[in-house]
Amino acid sequence: MTTNSLTLIATLMVVICLTSQPSVKAGGPPTSPSSATAGATLKGVVKFEGRAPKPSPVNMSADPSCAKQHPTPVLSQDVVTDANGGLQNAIVFIADGLNKQTYEPPSEPVVLDQKGCMYQPHVLAMQASQRMEVVNDDPTSHNVHPVPTNNREWNKAEPPGSKAEETFPREEIAIPVKCNIHPWMRGYVAVFKHPYFAVTGKDGGFDLGNLPPGTYTIKAWHEKLGTSTQKITVGANETKAIDFVFKSQPGP
Ligand SMILES: [Cu+2]
């Protein structure tokens, strides 16, 4: 063997070693020997650009006990933005890139409250098989009725002060929830098979913590504006900023 070919082999080996180091490919398993301590964080804002549709007042006159609870009319929650265009009630979540491990649901239930004849929160996110309590804090009866496509449909009558408990075993983003008594009531429940999701707050902000290092497909979902997708790679203990922008669609 010549010196030249030896050098070539040595160089190749170095290149192979270097390229196999951060061997995280999109969709592949994250290299997470100690994901519990090396958690990465994704932080950002979901924004709405353009002219947001004007929120319309919700007409509750069909049930005076509902209307009476609102001295000023409640506004529709279709597209809720703040002064800076921050989009509330969007869900940001890992859509791909996690390894195949199964995640136990948290022991604490999520709570969907019926208050003022509205769903609070308007958009709720939970883990598959986590318990969901549906509470009625109104002086009137509700009939909560989720309409899933990937889970079992059910509906439950809830007199004032009652509480129902249910769960959804399969991932679904997101399940519309309606009330069989009050047609204006509408909410959404998103169900994930992992814990890496967040619902944006009033300023459109979100925070996804404790992520194993890896390359991920991240999605932002909004009930009216659809889904926006990005890819991002995070290393151990790294915090990265990621924003999503929804644009107003040309209306009629
Ligand atoms: Cu109702």
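How many Å² does the accessible surface of the chain come to, and what percentage of it belongs to carbon and sulfur atoms? The accessible surface comes to about 13,500 Å², and carbon and sulfur atoms account for 54% of it. The structure is a predicted model.

## Overall make-up

The chain has 252 residues, of which 42% are buried. Its secondary structure consists of two helices and 17 strands. Among contacts between residues at least 6 apart in sequence, 63% join residues at least 24 apart.

## Copper site

The copper ion has protein donors in His 142 (ND1), Cys 179 (SG), His 182 (ND1) and Met 185 (SD). In sequence, the donor residues follow the spacing H-x36-C-x2-H-x2-M. His 142 belongs to strand β7 (residues 142–146) and Cys 179 to strand β10 (residues 172–179). The two residues are 37 residues apart, and the pair links distant parts of the chain.

Why is the arrangement around the copper ion tetrahedral? The four donor atoms subtend angles of 92 to 134°, and four donors count as tetrahedral if all angles lie between 85 and 135 degrees. For four tetrahedral donors in general, the ideal angle at a metal is 109.5 degrees.

The cut-off behind both assignments is under 20% relative accessible area.

β7 and β8 pair in the antiparallel sense over three bridges. Val 144 has Lys 156 in β8 as its bridge partner.

Another open sheet has four strands in the order β12-β2-β14-β15, and its pairing is antiparallel. Its edge strands are β12 (197–199) and β15 (226–234), each of which pairs on one side only. The twist in this sheet averages 25° from one strand to the next. Strand β2 (residues 91–96) and strand β14 (residues 214–222) run antiparallel and are joined by five bridges. Phe 93 stands opposite Lys 219 in β14.

| Residue | Relative accessible area | Class |
|---|---|---|
| Asn 89 | 8% | buried |
| Cys 117 | 0% | buried |
| Glu 133 | 14% | buried |

Asn 89 lies in the loop between α2 (64–67) and β2. Its phi is near 65°, a positive value in a residue other than glycine. Leaving aside neighbours within four places in sequence, Asn 89 is in contact with Val 80, His 122, Val 123, Val 199, Thr 200, Trp 221 and His 222.

Cys 117 also has a positive phi, about 55°, although it is not a glycine. This residue is in the loop between β3 (110–115) and β4.

Glu 133 is located in strand β6 (residues 132–136). Not counting residues up to four places away in sequence, Glu 133 touches Pro 109, Val 110, Val 111, Leu 112, Lys 163, Ala 164 and Glu 165.

## Cis peptide bonds

Which residues does a cis peptide bond with omega of about 0° join? Such a bond joins Gln 120 and Pro 121. Pro 121 lies in the loop between β4 (118–120) and β5 (123–127). A cis peptide bond also joins Ile 173 and Ala 174, with omega of about -5°.

Terms used. Residues numbered from 1 in each chain as written. Predicted model: local features only at pLDDT ≥ 70, side-chain atom pairs only at ≥ 80, totals over all residues. Heavy atoms only, no water. Pairing = 2+ DSSP bridges. Axes fitted to C-alpha atoms, helices over the stretch in contact; angles between N-to-C directions. Buried < 20%, exposed > 50% of the residue type's maximum accessible area, 1.4 Å probe, protein only. Contact = heavy atoms within 4.5 Å. Areas by Shrake-Rupley, 256 points an atom, 1.4 Å probe, with all protein chains shown as cover. Donors = N, O, S within 2.8 Å, 3.2 Å for Na, K, Ca; no water. Tetrahedral: all angles 85-135°; square planar, octahedral: opposite > 155°, others 65-115°.
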